[in-house]
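Student: Could we go through this one together? I'd like to start inside the fold and then move on to a pocket and to confidence.

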Amino acid sequence: MASTSPSASDHRPSSSKTTVGWVEESDGRGTLGLIVTCLFTIFLCTWVVIHPRACKRPLLRGLHKVALFLKTLIAPEFIAVEGLQEWSQARGMVKECAELTGRRLKLVHAFYIGMLALRYRTSRGNKVIWPNQYTWLLQQRLIAWDDHESWGLSEENIRDKSNADGTAKFLALGQVCWFAAQSIMRTAHHLPLAQLESMTLSYIPLFAITYLFWWIKPKDVLSLSVVNLPQMSEEQRVTFESMAVSNAFDDEGLWSQGSLWSIWTLTPRVFEKEAEDKAARIAQKQVLQRSEVIARPWLQRATALDVNTFTELQTKATVVAHWDPKVYHSKTLWPINCLFGASFGALHLISWDTQFPTLFELWLWRASGIASIVSMLVFMQFEKVVLRWGGPLTLISLASPVIYLLSRIVMMGGVIAAFRAANPKIYDTYVVSTYWVHVV
């Protein structure tokens, strides 16, 4: 059998000790080296996997990427779900435009448009062409796919604008493979992992899945494609502009468009706009049905006022989460989505029987791990969550992400605090050559 005794010098922690604190570096493992290795792996994978939306302003672009990094660090499940929803929207656009483009519009084009990289000129500045607007232009025969190169939509142009760093990808892949192999070897030698190592392993599957969804998506696009809209009638122009999902990402000099708060917001999806329009139509229909004498001028004004009030309330309500209906109601994608949500907390439970400084911290860790799984799954059962009272379920829908966030803070703090009185065997090393000779 392979030897599992630590390859350590005299000052290394002995297995006879109950716990050890800070361990200096030597030929084996030390506290600083272990922490640096884990944090470097998490940082490298997180930085490589995030694909921010396109933005003209360097400051906002950089801050948005940092905000994405922090959100990914705290809640990688949300980034995995975001990748799934972006992929779903891009795939939907490809299917919708298939006949209009002779099946030449591909996922890379849909991703490029969906990340707000296509803009059009106006007298006040540039505005975003959203995926539904581009599809509408094709449907109205106002543009043709044959002219896509002049719109900056050729695959070669998109690849040139994408700044995906192959070296960083290769380094991240190598680091992940090495870290996973090392963890597997320690388990094979019956050596425990540090809690921080278990947390690092929990990130890897979600990062891999997210990167799979964003494999074709351009990364770090610095220059935008700005075009002139084709000639259209006033009615067509009104229809086109009414289809805009949001004006928060336009560049018309409005205060809200340069707000630092925008770096934290997710890129709005087309299905959100469609849901708002549908809700407004339903409200208008209900108001009209209640009106017995629509011909009266005062009643017409009241009807318009009711619809406008409803629309304003819908707009002002802060949306915490809104799942893509195509994903939420899918019998295939939704179970996968829930699996993403539960996986991160579940993988933390690898450390269920690990040694913590106190019994209280051990049970706090276990409770936080379970709470993160349950709260995430509960939160994901609500198709749309807004900061507006809608009954008792509102409390549950809003409390679940708070519980998740608190559990994540406890778990992240716990892995660091555990080093003050850790199991000495987490610093033991194994002899690789002896193990492989035994296996062969």
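Predicted model: local features only at pLDDT ≥ 70, side-chain atom pairs only at ≥ 80, totals over all residues.

Student: How many of the residues of helix 5 are buried?

Tutor: Helix 5 spans residues 107-114, and seven of its eight residues are buried; these are V108, H109, A110, F111, Y112, I113 and G114. Just after helix 5, L116 takes a positive phi of about 65 degrees.

Student: Switching to the second largest pocket, which residues are closest to its centre?

Tutor: That pocket holds about 460 Å³ of space, and of the 22 residues that line it, E96, N132, V270, F271 and E274 are the closest to its centre.

Student: And which helix gives the most to that lining?

Tutor: Helix 11 does, with seven residues, while helix 3 (76-96), helix 6 (131-139), helix 11 (270-290) and helix 13 (325-328) each supply at least two. By residue type, the lining of this pocket divides into eight nonpolar, six polar and eight charged.

Student: Now confidence: which elements have the lowest and the highest mean pLDDT?

Tutor: Helix 17 (residues 432-439) has the lowest, at 47, and helix 6 the highest, at 97. Over residues 298-305 the pLDDT is below 50, and this stretch has eight contacts in the model beyond near neighbours in sequence.

Student: What about residues 434-440?

Tutor: There the pLDDT stays under 50 as well, and the model has nine contacts beyond four places in sequence for residues 434-440. For the chain, the average pLDDT is 84, with 86% of the residues scoring at least 70.

Terms used
Residues numbered from 1 in each chain as written. Heavy atoms only, no water. 1 Å grid on protein atoms, 1.4 Å probe; cavity = no way out; pocket = protein on both sides within 12 Å on 5 of 7 lines; lining within 4 Å. Points joined across faces, edges and corners; volume = space filled by probe spheres on them. Helix = DSSP H or I, 4+ residues; strand = E, 2+ residues; numbered from the N terminus. Nonpolar A, V, L, I, M, F, W, Y, C, P; charged D, E, K, R; others polar. pLDDT = per-residue confidence, 0-100. Contact = heavy atoms within 4.5 Å. Buried < 20%, exposed > 50% of the residue type's maximum accessible area, 1.4 Å probe, protein only.
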